[in-house]
Amino acid sequence: MYQKLFDAVEAYKDVILKAERDLNSMPELGFREWKTHGYMKARFEELGYELTELGNIPGFYTDVDTGRPGPKIVVFAELDGLPCPGHPFADPETNAAHACGHHCQCAGLIGVAAALKAQGVLDEMSGSVRLFVVPAEEGVSAAYREELKKSGKVRYFAGKSEVLYRGLLDDVDIAMMVHLRAKPYKMSCPKGTNGNVRKKATFIGKSAHAGGSPHKGINALYAATTALSAANAIRETFQEKDTVRMHPIITKGGNVVNAIPDEVVVENMIRGADYEVVGQINRKINRAFAGSAAAMGCRVYFEDVSGSAPRINDKNLMDLFHKVALNFFKEEEMEFDKIWGKSSSDMGDICNVIPSVHPYIGGAEGIGHSANFLVVDAYTACVTGAKIITGVLKDLLIEDAALAKKVIAEKKVPYASKEEFFKAKDSLNFVGDGVVYNEDGSVTLQI
């Protein structure tokens, strides 16, 4: 049943593998992937596709209609890299690198696009497929994204969140993508992964000469390090079932060594298995930070932005990917539906509204987001990945799209609409002072 599709992808093997090499050499950061956008646009137009571009940000989509009514399935590919100094393919100016393998998704999507153009491929299918190239999955460059938001170019800091908000998925019934991963498995898919909130806390003190008159200053660095100690003390309250992760960094620690630091910036991310847990932990951390600032006589300004929602992989879609992947991998080479992942992805925002799946495919070695993460088997990562996606699309849309309709009928998504979802997402946002010093000498914590 799949052979015509697999052959159609294989016919474009050289184009797909060249795309992997080309895209790996032009890594770009989120919402700035214009070279990658242009490259993908050229490949799709060569295949005869008409594209709808996002306009003020990189990315585009195109629809493939079978000519028969039925559900619409979207397949995503992510454009961006992330800062990774020391990576052998890092951009020398931006340090951007494909240390997560998003370029393999793009190369694979070219194969999917080519296969769906092959003669006779759509004959037995009903419904349509949307091929969507999206920007900015990685949660980096917060200051740049904040400027985009302030200018009105985006509402949300991640690409899939933004296209969902813009209504570009309002007619989509099912969503999917395949992501590169290093060993041990050739294909895997967790039950789901964590959601997160991205945090920035700016501690404001008072500068003074560090040697001659430190008593005239208020040390913002001590407030920040006290806050980090207080936050670490809360870790023992995290429950295993909630899979909480917290990983703060100090991005500004002072100006010169002989002056009391008057401004220190701590950035942080809190991850958890659901938004309620993330919100609870976030309030605890804000209380610890505000209390520590008050103890030192500092101010602290919070900028909390809801990140990716928890990703929930649809069971029916997982089973289908598993089935098709058996055409290429042995059972013992795969792991499906056994663990809960601790990382995050903006695919989580989609999963909370649309039944979705986000499996991983092998072809890399090293540690994700590090300088040693490299593609070592581009054929598996890109060509085989494209074949599995096309096989899943075939299964979903044949026989009057019976399997797709089953997925839709049995979907288990937390929110009934994108409006309901974004209301919950936005409830995690908080911008404002964490400490108020009252005229009567008392202190009020705002968390």
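Mentor: The questions below concern a cavity, a helix, a sheet and several salt bridges. This is a predicted model, in which local features need pLDDT of at least 70 and side-chain atom pairs count only at pLDDT 80 or more, while totals for chains, interfaces and linings use all residues. Residues are numbered from 1 along each chain as its sequence is written, and side-chain values use heavy atoms, with hydrogens and water left out.

Trainee: How much space lies in the largest cavity?

Mentor: A cavity is a set of points, on a 1 Å grid over the protein atoms alone, where a 1.4 Å probe fits but cannot get out. Grid points are joined across faces, edges and corners, and a volume is the space filled by probe spheres set on the points. The structure holds three cavities of 30 Å³ or more. The space in the largest cavity is about 110 Å³.

Trainee: How many charged residues does the lining of the largest cavity have?

Mentor: Asp, Glu, Lys and Arg count as charged; Ala, Val, Leu, Ile, Met, Phe, Trp, Tyr, Cys and Pro count as nonpolar; the others, Gly among them, are polar. The lining has 13 nonpolar and five polar residues, and the number of charged residues is none.

Trainee: Is α4 largely enclosed or open, and how many of its residues are buried?

Mentor: α4 has 16 residues and reaches 23 Å from its first C-alpha to its last, close to the expected 22 Å at 1.5 Å a residue; the expected span is 1.5 Å times one less than the number of residues. Buried means under 20% relative accessible area, exposed over 50%, and partly exposed in between (1.4 Å probe, protein chains only). α4 is largely enclosed by the rest of the structure because the number of its buried residues is 15 of the 16.

Trainee: Which residue in β6 is the bridge partner of Glu-78?

Mentor: Two strands pair if DSSP finds at least two bridges between them. An open sheet of six strands runs β1-β2-β6-β3-β7-β19 with mixed pairing, and its edge strands are β1 (52-53) and β19 (356-357). β3 and β6 (residues 128-134) pair in the parallel sense over seven bridges. In β6, the partner of Glu-78 is Val-134.

Trainee: With which residue does Glu-78 form a salt bridge?

Mentor: A salt bridge is a side-chain nitrogen of Lys or Arg within 4 Å of a carboxyl oxygen of Asp or Glu. Glu-78 is buried at 0% relative accessibility. Its closest N and O contact, at 2.5 Å, is with Lys-160.

Definitions and conventions. 1 Å grid on protein atoms, 1.4 Å probe; cavity = no way out; pocket = protein on both sides within 12 Å on 5 of 7 lines; lining within 4 Å. Helix = DSSP H or I, 4+ residues; strand = E, 2+ residues; numbered from the N terminus.
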